[in-house]
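Subject: Structure handover

Hello,

Here is the structure I promised you. Please open it alongside this note.

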Amino acid sequence: MAYISKHNLLKITPQKVIKNSLQIISLTENSNESKLIQDIKRFGKDFAKHEYNSTKSSLESRGTIEKFPTLNKQIFVDKYHFDDMLRKINDNQFTDEFNQCLFAYENQKWFICAAGFGSCLEHLMLLTLQNYGKEKQLGYNPTASNYLKAFTKEPINLESRQLTYIDTLFRIRNSVDHHNSGYTQKMICDQLMEGITNVFNEYYVTSLSAK
């Protein structure tokens, strides 16, 4: 301790140091300097090893699978009102696509689920435009930008903040479909599922009056 203080290696006064918190062997002023250095090196190695072992588990948790809340399944379904949504849409193809996504969700197949929900989002936007008779605005082989552009026109008139939100959903989908370089998480599926619910409530339901 005296050596560290003498060579200005301590940034606080020795009086403020709690000696019991130090793991280095106590040394007197007459101790051999090389032994002190060896003790410091040993302490450093032990400290680094301890830090590595304590964080190793968190570093390896990247691909941890989140369990589907089986016990709360009914609460989950009630929250999103999927049965009511599918009944109002009344499209066999969309129902089949959406139910396959739910099957993937329940079986923790997050990549398949996220990619599928992205397709369901496009399909729901197409059905919304068809209710208005505006599906031709999409043009040939439409992409996300075509769907967004069509939604900004009459009669939907998508506002800028809503445009940003739906564009974000497409970007999340694209990060899975086209640019995925790691694990697809449950959170991504939840975001897309929430997005489909919002598009249904905000735009599809309104379009039914024009059908």
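Below is what turned up, starting with confidence.

This is a predicted model: local features need pLDDT of at least 70, side-chain atom pairs count only at pLDDT 80 or more, and totals for chains, interfaces and linings use all residues. Residues are numbered from 1 along each chain as its sequence is written, and side-chain values use heavy atoms, without hydrogens or water.

**Confidence**

pLDDT is the predictor's confidence in each residue, from 0 to 100. The chain averages 78, and 66% of the residues score at least 70. Helix H3 (residues 73-80) has the lowest confidence, with a mean of 54. H7 has the highest, at 95. (Helices are DSSP runs of H or I, at least four residues, numbered from the N terminus.) Over residues 62-72, pLDDT stays under 50.

**Core**

The largest nonpolar core has 42 residues. Such a core is a set of buried Ala, Val, Leu, Ile, Met, Phe, Trp, Tyr and Cys residues joined through side-chain atoms within 4.5 Å; buried means under 20% relative accessible area (1.4 Å probe, protein chains only). Met-85, Phe-94, Phe-98 and Phe-117 touch the most other members. H6 (110-132) gives the most to this core, with 10 residues.

**Cysteines**

The whole structure has 0 disulfides, meaning pairs of cysteine sulfur atoms within 2.5 Å. Cys-101 is buried at 5% relative accessibility, and Cys-189 is buried at 0%.

Best wishes

Key
Buried means under 20% relative accessible area, exposed over 50%, partly exposed in between (1.4 Å probe, protein chains only). Helices (H or I, at least four residues) and strands (E, at least two) are DSSP runs, numbered from the N terminus. Contact means heavy atoms within 4.5 Å.
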